Amino acid sequence: MSTGNLDFEQFRVFLEKACGILLGENKQYLVSSRLNKLMEQQGIKTLTELVQRIQSQPRSGLREQVVDAMTTNETLWFRDTYPFEVLKNKVLPEMLRNSPGQRLRIWSAACSSGQEPYSISMTLDEFERTNVGQLKMGAQIVATDLSGAMLANCKTGEYDSLAIARGLSQERLQRYFDPKGPGRWAIKAPIRSRVEFRSFNLLDSYAALGKFDIVFCRNVLIYFSAQVKKDILTRIHATLKPGGYLFLGASEALNGLPDLYQMVQCSPGIIYQAK
Ligand SMILES: C[S@@+](CC[C@H](N)C(=O)[O-])C[C@H]1O[C@@H](n2cnc3c(N)ncnc32)[C@H](O)[C@@H]1O
């Protein structure tokens, strides 16, 4: 594959417009390693040709395949631990104390292969076990991602032992999964049925999503420019009910927007409350 400077620049512009991902100037090797096979299969020689093919054949599915290949889907169960502890021990008790009997809506805004929303669903179950009756109106978790391939994985609720080994304790595995043949596990129906998966690009309008009590937007904003990140955080704020909470990735911070969010120090971890 040729990744001349002009080719690469065209591709950078295409990718940022398509999904917000901003490639650093020295990331030619990343593009080559992720797109080589696809371009070979399609008989495409340069990135310029690739962008032209995507534009001239918008229904070919090539655009989706390219974006899928360029996204990083790295995830694990109960990633960083503290968000799920803070959810169980601080956020849920506080919300249900302030509005007893309310039905909660939670958004997992870049859910990858489903570990995040299913970890939230398991956390809700653990909360219910020690706070019987407090979540009687239930909770809905809306889990979205750009990647069709990831969403297809999520919906089956099935994982191989390699995925299971990343962050899931034996106790949770036994409680929340059923064996599904050698080396495969399926998440149990009550945990799965709380989660609704939808295809959604964070650059699109949020109007149809409705309002949320809690938003997890973790480990995705790091790939975007400062301007796109600010725009997304502003629009997430508009989806949060007043007093709702935003969870970012452990290495992510708000940097600004003091009129919209208040930082809440949780030791460990920081979360943000909508003003
Ligand atoms: C590194 S994973 C993070 C998964 C999970 N939130 C976590 O923290 O483990 C990033 C996910 O963001 C998704 N993504 C990237 N750009 C997106 C966009 N513009 N809209 C929606 N999802 C996007 C990717 O498909 C990928 O699944």
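Predicted model: local features only at pLDDT ≥ 70, side-chain atom pairs only at ≥ 80, totals over all residues.

Biologist: How many disulfides does the structure hold?

Modeller: Cys 111 is in no disulfide, with the sulfur of Cys 154 as its nearest cysteine sulfur. For the structure as a whole, the number of disulfides is zero.

Biologist: Is Cys 111 buried or exposed?

Modeller: The limit for calling a residue buried is under 20% relative accessible area. Cys 154, at 0% relative accessibility, falls below that limit, and because the value for Cys 111 is 1%, Cys 111 also counts as buried.

Biologist: Turning to the ligand, how much of its accessible area does the protein cover?

Modeller: A nitrogen atom of the ligand lies 2.9 Å from a polar backbone atom of Leu 202, and a backbone N or O atom of Arg 218 is likewise 2.9 Å from a ligand nitrogen. On its own the ligand has 610 Å² of accessible area, of which the protein covers 99%.

Biologist: By class, how many charged residues does the shell around the ligand have?

Modeller: The ligand has 20 residues around it, and those coming nearest are Cys 19, Thr 75, Arg 79, Asp 145 and Asn 219. Divided by class, the shell has seven nonpolar and eight polar residues, while the charged ones number five.

Technical notes
Residues numbered from 1 in each chain as written. Heavy atoms only, no water. Disulfide = S-S within 2.5 Å. Buried < 20%, exposed > 50% of the residue type's maximum accessible area, 1.4 Å probe, protein only. Near = heavy atom within 4 Å. Polar contact = N/O pair within 3.5 Å; in protein donor to acceptor, adjacent residues only side chain to side chain. Areas by Shrake-Rupley, 256 points an atom, 1.4 Å probe, with all protein chains shown as cover. Nonpolar A, V, L, I, M, F, W, Y, C, P; charged D, E, K, R; others polar.
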